[in-house]
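Dear colleague,

Please find the structure below. My notes on some of its helices follow.

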Amino acid sequence: MASQLLLPTNLFTKSSLDKVFITGDDLTLKRKSNYATRVSYGFSLRANAALISSHSSSVEVPRQWYNLVADLSVKPPPQLHPKTFEPIKPEDLTHLFPNEIIKQEETLERFIDIPEEVLEIYKLWRPTPLIRAKRLEKLLQTPARIYFKYEGGSPAGSHKPNSAIPQAYYNAKEGVKNVVTETGAGQWGSSLAFTSSLFGLDCEVFQVAHTYQQKPYRRLMMQTWGAKVHQSPSKLTEAGRRILQADPSSTGSLGIAISEAVEIASRNEDTKYCLGSVFNHVLLHQTVIGEECIKQMEEYGETPDVIIGCTGGGSNFAGLSFPYIREKLKGKINPVIRAVEPSACPSLTKGVYAYDFGDTAGLTPLMKMHTLGHDFIPSPIHSGGLRYHGMAPLVSHIYEQGFMEAISIPQTECFEGAIKFARTEGIIPAPEPTHAIAATIREALRCKETGEAKVILMAMCGHGHFDLTSYEKYLRGELVDLSFSEEKIQESLSKVAYVV
């Protein structure tokens, strides 16, 4: 086969099945023990692939999340209270988060058990496949071996449910009735809408104006799962009204949408705030990606030389890379770990490492991170999920500690790579992981020049089925590279709180 696909076969193996009956839209798998497992027709392809796969896998869904902080000799700086500039206390966050999430945000434990209720939902699509991109390798004529960990098989089409599920679970467990959040590209909003419907929560989403208009089907997806969706900035909050008064045609930003969501949560006792990136507990939940991938790569008999992932807030990148950094700290492996961000929103490569707010209005705790300034509103690039002024504090910390490197790539090069990927591997990627694809192609072409047969591992965090208008612009030659204004960044950085 031109592409190798490593799929979970723990539920669907020849030895565990007696007969397979296809009835209507369902696939019934009857075991020798007379236990029947029914799966939807949409899952039957994966079940069938697992039955006939010549490369079976014993990899199971991880039962614990991994906390990188526990293994760092130099701990990351604490979050600070925005009024006192003192380290945040747990009670300072209770108006935003349920207690278990607050514990996970501050924990120094190495592993956190995943609740059974969360695991059962994970198993709807996890473990996710690790795929060798042989057709892409052939196109590039590279000796490199390219693998990608594909997260697009989740109900929401990305990695985001990995954290949305536990966040919804812990809120429901503590009796919370309503959750509110922001979303950039719509992937996080879709994920929280989906998981809220599973746990009986009302969900409210502030979607960045640019993508609210650009991606109507993401909005409809959220609404189908029962969420109430607002274009941000909106007139529903003081933060939104202030932005609209200054700029009635504002395209919005994740920082603005966060301000609106946090404001709603802060003024309603029955409402908690959820977020899809940046905070430690979100990165913690995403480590199921890397934990699975380590075992899958072992089954291939491979060790990555280079690990590449896109970065906006850092959740997808951290999910794949953090377990590998653990192995690197143990001295078992020594891969290059490379973050890739948009040239128009380069927080790691052009930002400053300082304490700043996570939102535009200054409602969140102060976090030490690489930032372009909380007032910075990125250009309306097509990777809406990467249009964030800052980087996750923990990702920023390990960048400062030298455990990883970062580059930025313009969007036209990213879409050029996405087209090559789609036409060889068959998957149309979301705009966000096109940055990882472009960087992977760069690395593979360097291997072609040097003759090195490096193993490249790439994070493919979601599909682009709701992003086809972006592809249309690229194919028509209408997509242009957007850059940032140095003057604009300096103005924004002048308002950053440089707290030591």
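The crossing of H12 and H13 is right-handed, that is, the near helix is turned clockwise from the far one by less than a right angle. This is a predicted model, in which local features need pLDDT of at least 70 and side-chain atom pairs count only at pLDDT 80 or more, while totals for chains, interfaces and linings use all residues. Residues are numbered from 1 along each chain as its sequence is written, and side-chain values use heavy atoms, without hydrogens and water.

Helices (H or I, at least four residues) and strands (E, at least two) are DSSP runs, numbered from the N terminus. The axes of H12 (residues 288-300) and H13 (residues 315-329) cross at roughly 60 degrees and come within 6 Å. Axes are lines fitted to C-alpha atoms, for helices over the stretch in contact, with angles from 0 to 180 degrees between N-to-C directions. Contact (heavy atoms within 4.5 Å) involves residues including Ile 289 and Met 297 of H12 and Leu 320 and Tyr 324 of H13.

H16 (residues 411-425) and H17 (residues 434-450) pack at an angle of about 80 degrees, their axes 8 Å apart. That makes H16 roughly perpendicular to H17. Among the residues in contact are Phe 421 of H16 and Ile 441 of H17.

In H19 (residues 486-493), Ile 489, Ser 492 and Leu 493 are buried (under 20% relative accessible area, 1.4 Å probe, protein chains only). What covers them includes strands E15 (352-357) and E16 (366-371).

Regards

Notes: Angles under 35 degrees count as roughly parallel, over 145 as roughly antiparallel, 65 to 115 as roughly perpendicular and the rest as oblique. Buried means under 20% relative accessible area, exposed over 50%, partly exposed in between (1.4 Å probe, protein chains only).
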